[in-house]
Amino acid sequence: MNRYHTHTLGNGLRIVWLEHDCEVAYCGYALRAGTRDERTEAGEGGLAHFCEHMTFKGTQRRSSLQVINTLERIGGELNAFTAKEETVYYAAVLKQYFNRAVDLLTDIVFYSIYPDQAADKEKEVVCDEIESYNDSPAELIYDKFEDCIFKGTSLGHSILGEQNNVRSFTGDNCRIFTERMYIPENAVFYVVGDIDFFKLVKKLEVLTKPIQRNITYTKPLQSCITKEEMHSEVLTLNHSTHQGHLMLGTTITKDIGRWRTPLFLTNNIIGGPSMNSRLNVSLRERRGLVYTVESMVTTYTDALVWSVYLGCDKHDIEKCSRLVLNEMHRLQRSPLSASMLASAKKQIKGQMALAAQNKESFAIDMAKYYLHYGELRDNTTLFEEIDRVTADDIHTLMNTWLADERMTKVIIQ
C-alpha cells in the first residue's frame, strides 16, 4: 500500500497514483456521472452515454480530428466507456508522452464544447449502436435482467437509452448534463506508471484552475430495491435466433459490505471463469448442453447483483435452468467442507493475482473504487478478507439472498 499516493486539489479533484516501473503509463478520469445520474423525467435517458461520445467532438483548443490524433499518432490509445454509476475516459501512452495524455484528457473532460452539428451526426452513430445491441440477445439479456430486478429505480434503465430519446438530444443537453456532473469534486484522475507525482499535481492544478462551475455534486437518491424479500419473476422474450438465452439471478441491497466477499467467493465456485466451476462441469463437460455458461457479480454502491448467463438450444432452456438450480441446491443443503473451502480460496486468490497483471484494467478498477469509496485496497487486503470467509457464511448466503424464491429469470428465445 505504500506505493499508492493520493492528493486532493483545492477544487475537489482527487488524484491517485500507483507507482509502477514500466515504459507505459495508464491514466484517465473516472467521473461519478453514469446512467443513474440521468433525470429520466426530464428526458435524459441515455444522455450520459451520449455525452461520452460527444466529449471527443472538439474542445475550446482542439478540433475533433486533433483530439483523436494527439495520442494516436505517437502510438498511444484513447478511449472511454459509460456505466450505470460512472463514466471513464482513459489513455495508455509511453511514459515520455504522459504529460501530453494528461493535457488531452483534461481538455476533453472539462473543456469540450459539444457542437450541435456533431450531435446531429453522433445521434445516428448511437442509434446504430443500439440496433447492433438489440441484434445480439447475448448482450441484450443483461439489460432486460437488470430492468426486471431494478424496475422503477435509477438503476433500472438501459445505458444506451431508447432511439427516440437519443434522436432528441442536442449540444445543449450535453452541456447541461456535463456542467452538472463533470466537475472536479466529482472526479478522480488516476495513474499507474513511472511518473513524477509532484509534477502531476502541479500540472493538474494549473489545467483545472479555470473551471468555473458553481454546482456541488449531489449523490443520487438511494433508490434501489431495499426490501429483504424480493419476489421471483419470469420474463420471456421472443427473438428470431437459433439459440436460446437464459439469465437467472437476484440482488443484495442490505449489508452489502458484509456480503461482498462471500458472494465473490461463492460465485467463483458456482460459475466463475475457471473450467472447473460447477456449472461448467455440469452443463458443458458432462452433458454438452452449452458452449458458454458463467455466473458473475456486478457491484453498485448500494447493491450487489448475482446472475448466471448461458446460451443453449431453445428446447434445452428449462433443463439447463434446473441444472443451475441443482448446483445452487448443493450449496444450500450443507456447508462446504474445510478442504473444499480452502481450495476455493486458493483458486480465487490466484485468479486475482493474474488479473492484476492487466495494468489498464487494474488501473480503471482502482480508480472506480477510489471514486466511490474514497479508499484503496491492494491484493493483500483482499486476500485477508477472503481468508475470513467461513463455510457458514456461504451457507447462510445461499439460503437467504440466493434462495430460489428470490430468483428472477429472463429467457430470450
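The model is predicted, so local features need pLDDT of at least 70 and side-chain atom pairs count only at pLDDT 80 or more, while totals for chains, interfaces and linings use all residues. Residues are numbered from 1 along each chain as its sequence is written, and side-chain values use heavy atoms, with hydrogens and water left out.

**Cysteines**

A disulfide is a pair of cysteine sulfur atoms within 2.5 Å, and by this rule the count is zero. C127 is in no disulfide; its nearest cysteine sulfur belongs to C174, 13 Å away. Next, select C312, which is also in no disulfide: the nearest cysteine sulfur, that of C320, lies at 3.9 Å. C312 is buried, at 2% relative accessibility.

**Helices α1 and α7**

Helices (H or I, at least four residues) and strands (E, at least two) are DSSP runs, numbered from the N terminus. Now select residues 47–54, helix α1, and residues 171–181, helix α7; their axes come within 10 Å and cross at roughly 105 degrees. Axes here are lines fitted to C-alpha atoms, for helices over the stretch in contact, and angles run from 0 to 180 degrees between N-to-C directions. Contact means heavy atoms within 4.5 Å; here L47, A48, F50, C51 and M54 of α1 meet N173, C174, F177 and T178 of α7.

Remain in helix α1 and select E52. Is E52 buried or exposed? At 9% relative accessibility, E52 counts as buried. Leaving aside residues up to four places away in sequence, E52 touches A80, F81, T82, T87, Y89 and Y182. The C-alpha atoms of E52 and M181 are 12 Å apart, although 129 residues separate the two along the chain.

**Helix α2**

Select residues 64–72, helix α2, whose buried residues are V67, T70 and L71. Seen down the axis of α2, these fall within an arc of 65 degrees, so they line one face of the helix; the arc is that of the directions from the helix axis to the C-beta atoms. Their cover includes β4 (77–82), β5 (87–94) and α3 (98–111).

**Helix α9**

Finally, select T261 in helix α9, residues 256–271. T261 is buried, with a relative accessible area of 15%, and touches E385, I386 and V389, not counting residues up to four places away in sequence.

Terms used
Buried means under 20% relative accessible area, exposed over 50%, partly exposed in between (1.4 Å probe, protein chains only).
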